[in-house]
Amino acid sequence: MQTAHGSVEQETRLEGSSEYLTFTLGSESYGIDILKVQEIRGYDCVTRIANTPSFIKGVINLRGVIVPIVDLRIKFNVGEATYHEFTVVIIINVLGKVVGIVVDGVSDVVALPAQSIKPPPELGAALDTRYITGLGTLNDEMLILVDIEKLIGSEELQIVEQSAENTQKEVVNI
């Protein structure tokens, strides 16, 4: 009987948790909803798009789909953005769009129970927390949880989406 009770308790615990793909930017750990992740790949050559913000590295052709590449290190202003064989691009699928985000490295997939996630601190205008859903704790380590839909849905990335669509139309017309 205890075994059955333990199983139900474990299932309930799993139901109350969410899974996140964890990655690093500089010395900090971040997490995004695993259900938004399409694939993980190494950083490759990108085609630059003129007149885009510096955090937009350009676009890549991923199996016939033009994918904008956003460098989160530059976007979040964390550390030097260097590109080498260990630089990773996480291909995500949100809001009906496929976008690549550049990070320093991918760590793991973790399940965080709802009670271990706290709301982001309100620091006023000094820090932009609109892309942060919360702060999770995992083995005494803080994990910054990113609302990737808010980030990808932001106005500045809409410009890139339009540029990528125009680039795709040009590729098709060639």
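Which residues cover the two faces of S7? On one side they are Lys97, Val99, Ile101 and Val103, on the other Val98, Gly100 and Val102, and all are buried. Buried here means under 20% relative accessible area, exposed means over 50%, and partly exposed is in between, with a 1.4 Å probe and protein chains only. Strands are DSSP runs of E of at least two residues, helices are runs of H or I of at least four, and both are numbered from the N terminus.

A word on the source. This is a predicted model, in which local features need pLDDT of at least 70 and side-chain atom pairs count only at pLDDT 80 or more, while totals for chains, interfaces and linings use all residues. Residues are numbered from 1 along each chain as its sequence is written, and side-chain values use heavy atoms, with hydrogens and water left out.

First, the chain as a whole. The protein chain has four helices and 11 strands. Of its 174 residues, 39% are buried. It exposes about 10300 Å², of which carbon and sulfur atoms supply 51%; these areas come from the Shrake-Rupley method with a 1.4 Å probe, and for residues only the protein chains shown count as cover. Taking contacts with a separation of 6 or more, residues 24 or more positions apart account for 56%, where contact means heavy atoms within 4.5 Å.

Now the sheet. It is open, has five strands in the order S3-S6-S7-S5-S4, and its pairing is mixed. S3 and S4 stand at the edges with a single partner strand each, so one side of each is left without a neighbour in the sheet. On average, neighbouring strands of this sheet are turned by 30 degrees against each other, direction ignored; the axes are lines fitted to C-alpha atoms, for helices over the stretch in contact, and angles run from 0 to 180 degrees between N-to-C directions. Two strands count as paired if DSSP finds at least two bridges between them.

S3 and S6 run antiparallel and are joined by five bridges, with Ile91 in S6 as the bridge partner of Glu39. S6 and S7 are also paired in the antiparallel sense, over seven bridges, and Val88 stands opposite Val103 in S7. The hairpin of S6 and S7 has two residues between the strands, and in it Leu95 takes a positive phi near 55 degrees. On to S5, residues 65-71, which pairs with S7, residues 97-103, in the parallel sense over three bridges. Here Val70 stands opposite Ile101, and Asp71 stands opposite Val102.

How well covered is S6? Six of its seven residues are buried. For S7 the count is seven of seven.

Next, the cores. A nonpolar core is a set of buried Ala, Val, Leu, Ile, Met, Phe, Trp, Tyr and Cys residues joined through side-chain atoms within 4.5 Å. The largest one has 25 residues, and Phe23, Ile32, Leu72, Ile90, Ile92, Ile101 and Ile148 have the most contacts inside it. Elements giving two or more residues to this core are strands S1 (17-25), S2 (28-33), S6 (88-94), S7 and S11 (141-146), together with helix H3 (148-152). S6 gives the most, with four residues. Ile148 touches Ile32, Lys36, Ile92, Val94 and Ile101, not counting residues up to four places away in sequence. A second, separate core of nine residues includes Ile60, Leu62, Ile69 and Ile91.

Ile40 lies in strand S3. Is Ile40 buried or partly exposed? Its relative accessibility is 45%, so Ile40 counts as partly exposed. Leaving aside neighbours within four places in sequence, Ile40 is in contact with Leu21, Val88, Val89 and Val106. Ile40 and Ile92 are 52 residues apart in sequence and 8.8 Å apart in space, C-alpha to C-alpha.

The other residue is Thr52, in the loop between strand S3 (37-42) and strand S4 (56-62). Thr52 counts as buried because its relative accessibility is 12%. Its side chain makes a polar contact of 3.4 Å with the side chain of Arg48. A polar contact is a pair of N or O atoms within 3.5 Å; within protein, one must be able to donate a hydrogen and the other to accept it, and residues adjacent in sequence count only if both atoms are side-chain atoms.
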